[in-house]
Amino acid sequence: VQLQASGGGLVQAGGSLLLSCSASGRTFSSHVMGWFRQAPGKEREFVAAIRWGGARTYYSDSVRGRFTISRDSAKNTVYLQMNSLKPEDTAVYYCAKANGYSTHEREYRDWGQGTLVTVSS
């Protein structure tokens, strides 16, 4: 599966952005799509995940209530709606695929190229 992330950009604190991740290749309902982010000088961290075959979603504590992950199976695309953005949300955001739910990046085998989100104060 090849993944292509897009939608990053520069936004002011309190603003919103919608990230997209399009997947090419075969996906299964058991697959989990995740978003991770890596801020400058920091390790990559889990943000959110969703199963292709169901509505169950998972979020990190730092984004829960502000970010929403969703998927459009017909378009093979996963979205990350980011609201109430904060300067600390500044990072490169990556989408990735795993065979099952996990917050650990080592469980995700396929990765997109990343899209930069910059939140100004």
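**The disulfide and its surroundings**

A: Cys21 and Cys95 are both buried, where buried means under 20% relative accessible area, exposed means over 50% and partly exposed covers what is in between, with a 1.4 Å probe and protein chains only. The model is predicted, so local features need pLDDT of at least 70 and side-chain atom pairs count only at pLDDT 80 or more, while totals for chains, interfaces and linings use all residues. Residues are numbered from 1 along each chain as its sequence is written, and side-chain values use heavy atoms, with hydrogens and water left out.

The two cysteines form a disulfide with their sulfur atoms 2.1 Å apart; the term covers a pair of cysteine sulfur atoms within 2.5 Å. The structure holds 1 disulfide. The link of Cys21 and Cys95 is right-handed, with 70° about the S-S bond. Distant parts of the chain are linked by this pair: Cys21 belongs to strand E3 (residues 17–24) and Cys95 to strand E9 (residues 91–98), 74 residues apart. Strands (E, at least two residues) and helices (H or I, at least four) are DSSP runs numbered from the N terminus.

E3 and E9 also take part in the largest nonpolar core. This core has 27 residues, and Trp35, Leu80, Met82 and Tyr93 have the most contacts inside it. A nonpolar core is a set of buried Ala, Val, Leu, Ile, Met, Phe, Trp, Tyr and Cys residues joined through side-chain atoms within 4.5 Å. At least two of its residues come from each of strand E1 (2–6), E3, strand E4 (32–38), strand E5 (45–51), strand E7 (67–72), strand E8 (77–82), E9 and strand E11 (115–120). E3 gives the largest share, 4 residues. In soluble globular proteins, nonpolar side chains tend to be buried together.

Met82 shows how parts of the chain meet here. Leaving out residues up to four places away in sequence, Met82 touches Gly15, Ser16, Leu17, Leu19, Arg66, Phe67, Tyr93 and Val117, contact meaning heavy atoms within 4.5 Å. Another core, of 8 residues, lies apart from the largest one and includes Val32, Phe36, Phe46 and Tyr58.

Asn76 is in the loop between E7 and E8. Although not a glycine, Asn76 has a positive phi of about 50°. Most residues other than glycine have a negative phi. Asn76 has a relative accessible area of 19% and therefore counts as buried.

The loop between E8 and E9 holds Ser84, another residue that is not a glycine and has a positive phi of about 50°. Ser84 is partly exposed, with a relative accessible area of 42%.

Past E9 comes Ser102, in the loop between E9 and strand E10 (108–111). Ser102 counts as buried because its relative accessibility is 8%. Apart from neighbours within four places in sequence, Ser102 contacts Phe46, Glu107 and Tyr108. Phe46 is one of the residues of the 8-residue core, as is Val32.
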